[in-house]
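Here's a quick tour of a protein model with a ligand in it.

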Amino acid sequence: MIIFTKTQELIQFREKQKNISIGFVPTMGALHQGHLELVKRSKQENDFTYVSIFVNPLQFNDKKDLENYPRTIEQDIKALQSIQADALFLPDFNQIYNNQIVPDEIDLTYLNLILEGPKRPGHFEGVVKVVSILFKIIQPDKAYFGLKDFQQVKVIQQLVREKNYNITIVPCHTVREENGLAMSSRNTRLSEEGKKKASLIYKWLLQSKQMYQKGIAIPEIINEVKHQIHQNKDFILDYFEIRDADTLYDNMAGIKKPVALIAVYLEGVRLIDNLELSDN
Ligand code: AMP
């Protein structure tokens, strides 16, 4: 695996890659099986796969979260080598934000008003900045993103659509622990007890799916699941909502493909997850 720490070196290398398909998996490191599945998929679908590891300060609205974000770079390199990723881009702050590559901006209005938007001011702007810079450097044909960050996929799709990037966004299903907990770098900040308790998040999502499939009305599902979360003193609920998976609108009558989205705090760690309710 080639490791690039300098943007210019990657660009020069990339210029020589002609007539091959390029896959790209952007990450913030502390890699787990969820990340590795994206890399494996990219390897299956492309001739050459780049992975980036960059903890992007611009997308952290909470300074403490940035400070506490796990960093396990040696382990990450070994994991990527073991699945034969072709190249790793490991830039520092100045390699990304040096004014040589101008980030794109989009008007996020709606996506900033719902779910994660108001809870994490500036987060999606930071995501758009770093992803647009990384796309310009790596110039992939396909880029792989996890549906665990459901709203982020929508943001990236809007970016690609509005800026006419010639890149296919490939949303990938959420990889879970055996107990249902969605894998996340932030899970390493939970105690063993916390990891067990956190399996309730998936149970609440599954419960909403069962209720939906029994024909129970969406407002009733929301009330019941919220009630259960509030009864559990280990969790602080940030939001639990059911929206349309395509548009993320929440007008009940218009929801064709419902997705339940949840954010909670457990042991001071913010965890998010989601589940489409009409899937088999
Ligand atoms: P992060 O390092 O958290 O920025 O995540 C990098 C990419 O991995 C993003 O596209 C995430 O959505 C994706 N990802 C994170 N956790 C999972 C998971 N459990 N299953 C699938 N993809 C994931």
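Is alanine 30 buried or exposed, going by its relative accessibility? At 9% relative accessibility, alanine 30 counts as buried, where buried means under 20% relative accessible area, exposed means over 50%, and partly exposed is in between (1.4 Å probe, protein chains only).

Before going on, bear in mind that this is a predicted model: local features need pLDDT of at least 70, side-chain atom pairs count only at pLDDT 80 or more, and totals for chains, interfaces and linings use all residues. Residues are numbered from 1 along each chain as its sequence is written, and side-chain values use heavy atoms, with hydrogens and water left out.

**Around the ligand**

- The ligand has 17 residues around it, and the closest are Met28, Gly146, Asp149, Val175 and Met183; a residue is near a molecule if one of its heavy atoms lies within 4 Å of it.
- Methionine 28 has a backbone N or O atom 2.9 Å from an oxygen atom of the ligand.
- Glycine 146 likewise places a backbone N or O atom 2.9 Å from an oxygen atom of the ligand.
- For valine 175, a backbone N or O atom lies 2.8 Å from a nitrogen atom of the ligand.
- On its own the ligand exposes 480 Å², and the protein buries 93% of that (areas come from the Shrake-Rupley method with a 1.4 Å probe; for residues, only the protein chains shown count as cover).
- Strand 2 (22–27), helix 2 (33–45) and strand 5 (142–146) are the elements that give two or more residues to the shell around the ligand; helices (H or I, at least four residues) and strands (E, at least two) are DSSP runs, numbered from the N terminus.
- Helix 2 gives the largest share of that shell, three residues.
- Sorted by type, the shell has seven nonpolar, eight polar and two charged residues; Ala, Val, Leu, Ile, Met, Phe, Trp, Tyr, Cys and Pro count as nonpolar, Asp, Glu, Lys and Arg as charged, and the others, Gly among them, as polar.

**Two loop residues with positive phi**

- Back to alanine 30: this residue sits in the loop between strand 2 and helix 2, and its phi is near 50 degrees, a positive value in a residue other than glycine.
- Glutamate 267 also has a phi near 50 degrees, and its place is in the loop between strand 8 (258–266) and strand 9 (269–276).
- Glutamate 267 counts as partly exposed because its relative accessibility is 41%.

- Among the buried residues of helix 11 are Tyr202, Trp204 and Leu205.
- The cover over the buried residues of helix 11 includes helix 10 (192–197) and helix 12 (218–231).

**Arginine 120**

- Arginine 120 is in the loop between helix 7 (116–119) and helix 8, and counts as buried because its relative accessibility is 12%.
- Leaving aside neighbours within four places in sequence, arginine 120 is in contact (heavy atoms within 4.5 Å) with Gln59, Asn61, Asp65, Arg186 and Arg270.
- The side chains of arginine 120 and asparagine 61 make a polar contact (3.2 Å); that is a pair of N or O atoms within 3.5 Å, and within protein, one must be able to donate a hydrogen and the other to accept it, while residues adjacent in sequence count only if both atoms are side-chain atoms.
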